[in-house]
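Biologist: I'd like to learn how to read a few features in a model like this one. Can you walk me through it?

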Amino acid sequence: LKSALDRVLMPAPDVAGEVLDGEYLVYHPRRTRAYYFNGSAAVILGLCDGVRSIKDICEMIRGAYPDAPSSLQEEVLATLAELEGYGLVVQA
Amino acid sequence: LSSKRDEQSAFITLGSSRVFVTFPSRLAAWFVGVTDHDAVGAVRGAWVKLEEVVSSERFRVTGSSGRSVGDLALGDAFSAFWEQVTFLLVDRLSDALALHAAAVFRGPDVVLIPGTSGAGKTQLALWYREQGFAVATDELTTLSWRETPQQLLVGTLARPLFTKQAVGPAALTPIEGLRTEHGLFGGEVLKIASTAVGPPRLIGAGFMVFPRFEVGASFELAALTPAQAGMRLLEQCVNIRNLPRGGLALASAAARMMPAVSLRYSERWQLGGTLDVLTRQLLATAPNAEDLPALCDSFTARTSRNISARAATAKGAEQPAPIVTPTRRLTIGMATYDEYDGVYFTVQSIRLHNPELAGAIEFIVVDNNPGGPCSEALKQLGDWIDGYRYIPRSDRQGTAIRDVVFEEATCDIVLCVDPHVLIAPGALSRLIDYCQATPNSRDLLQGPLVYDDLRTLSTHFAPAWRGGMYGTWEFDGRGADPGSPAFEIPMQGLGLFACRRAAWPGFNPNFRGFGGEEGYIHEKIRQRGGRTLCLPFLRWLHRFGRPLGAPYPNRWEDRVRNYLIGFTELGLDTAEMEAHFAELLGGAEASRIFAEIRATMPLNGIQERRNEGPTKEQASLGRMLPSDEIYSPHHFSFGD
């Protein structure tokens, strides 16, 4: 778990995104597929800047949303694993 | 358009893309308004040919894509022909987002209906045609930019409509006369004049409906966020590979510009009084992010009630049930004293922002100054408004006049508001639903006051004296979410309150002028076995400011008198009240007022009904309330 939290991710370079009212609409050109992210997923994706670790991201979210569920860390990891699976984020 | 023996040729265009077509001359009427005369002479590249096998009434379709199909009846040949044309147009289109979508126009306003084949686009477009819209296409719509100034353009593929089932006569009135069958299940090809070719056009207002037709499904409207709408647009994009960034920018721009809903339906009757009203509403006024979900919920709930009524009727009568038209379900009443503008905007706001309740609301306007400067206008307003009743009454004046609303109401549920209150969209439908779920309630129903920043709330009054008023604004976190359940509160400002007509206890008939009702009426409800509940969804704004002043007198004597009468009637201790007014007005002044009131007031206040209102003479003699206190949100009395 520790090594997973230390990973640093960034958006895949060829992925295009648009923010609409706090939600994300993303297009992956190589897959010619579009993806919709709700507000929570958009926050997570937005924090993947190639500098912050996943642990940093969890702490930032916890600081901004003190009422976030105790399972926050697991949910962030699961979300990022899904994004990696879609090729939307890559290892920095 | 060119001719060669019994054939004609022309171009069909979509944005910057065009296809050269050839068809038998005897079918030329099917192509009127569909082919592009401006494209004559353009270089022939992609092409599709529809030809008749001599003397056999059978047709063959060939094209530059290499596909060839033959031995087809006319309707099926049209289907194959347009399928090839559409493919070739889209395959070459790189400067516009091509959507699998129907589009209907009314003037410059457009309703886009994106959806996969079988989603119900064509039927929905024809239904919109019945509502006065022109069907531009049932198949292919483009979105593109005009760069300077940057504006969205909507283009449509002009082609006949293809239905999967025969269409009823109502959808085809007036019909141009061109129709033929296609497919295995009675589908039709229909030539409608409004599907005429033209350049992409600038639009006024726009609205997007993503339909899903499901046999036997209940009606459901759901608001989509811009990102959800953008996602659905991209799902229907048929040239995504041709566009930079997959057309993301265009889809996002359209999603930002046009509100969007998903629609599930199975019957055309479900769309009447719901989608038509919502469409009018959205094309007239852009909704905010909270209004649209509330409107959709209201329309969905309304249709659900109609389904129940239809089922009940069908079971009882053993025959097809008629569509149930709503009867009046809610009385909304207000008392006014020379305040035409307030009545006008309160009533019209309710009508404008709750279209799902059209025909379901009874409005009662009690004019407490008959013969005054606003009376005629208040009466004439009723000529424009369904269910509006103007009631001139001067036998009581001030706070207690609101009893007339309950006396005159014909609905079981009565909502009484100040004539300068605005109600959150969707709140009235939810109030009706709440009351129908609690048919024996004796409760007083209120909701959070929303301040002018549209964020700050006051859910209730705390029972404390301040500034000559019983009750101070407070906020309970349970009221923050409109979806939270009702909770009990001690009291609340009476700018908006609802009660079953049969449970309304009435104000003390000896109340005079304004003030003194908060706390009193809440305790009276409690003493009769009811509660005061905060319904978090029942949000209301109250116009506090009165830069021109109130048109009626507002006197300390009336207020103190009403408190004293009310507390006495309910057996409440008056010591705290008297101490408060002594501190506020000075001991000697307060003692004088209390002594005068006690000398004239009835013992329990319920034997007498005064028939006098505040005259100008009385007003000039009485001590007037300071306007900066009375209209402060934190000290305001709603009984004005």
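This is a predicted model: local features need pLDDT of at least 70, side-chain atom pairs count only at pLDDT 80 or more; totals for chains, interfaces and linings use all residues.

Biologist: Where does B:Leu454 lie, then?

Modeller: In chain B, the loop between strand 25 (449–450) and strand 26 (457–458) holds B:Leu454. Its phi is near 65°, a positive value in a residue other than glycine.

Biologist: Is B:Leu454 buried or exposed?

Modeller: Exposed means over 50% relative accessible area. B:Leu454 comes in at 59%, so it counts as exposed. Now look at B:Asp71, in strand 6 (residues 68–72) of chain B. B:Asp71 isn't a glycine either, yet has a positive phi of about 55°. With a relative accessible area of 54%, B:Asp71 is exposed.

Biologist: On to the interface. How much area do chain B and chain A bury between them?

Modeller: About 1,400 Å², with 68% of it on carbon and sulfur atoms. On the chain B side, B:Ala227, B:Met231 and B:Leu248 lose the most area to chain A, together 35% of what that side buries.

Biologist: How many salt bridges does the rule find across the interface of chain B and chain A?

Modeller: A salt bridge pairs a Lys or Arg side-chain nitrogen with an Asp or Glu carboxyl oxygen within 4 Å. The rule finds two across this interface. In one salt bridge, A:Glu18 meets B:Arg256 at 3.2 Å, N to O. As for helices, helix 3 (226–235) and helix 4 (248–257) of chain B each supply at least two residues of the side touching chain A. Helix 3 of chain B gives the most, with six residues.

Notes:
Residues are numbered from 1 along each chain as its sequence is written. Chains are lettered from A and ligands numbered from 1 in the order in which they are written. Side-chain values use heavy atoms; hydrogens and water are left out. Buried area is the accessible area (1.4 Å probe) that two parts lose on being put together, summed over both. Helices (H or I, at least four residues) and strands (E, at least two) are DSSP runs, numbered from the N terminus. Buried means under 20% relative accessible area, exposed over 50%, partly exposed in between (1.4 Å probe, protein chains only).
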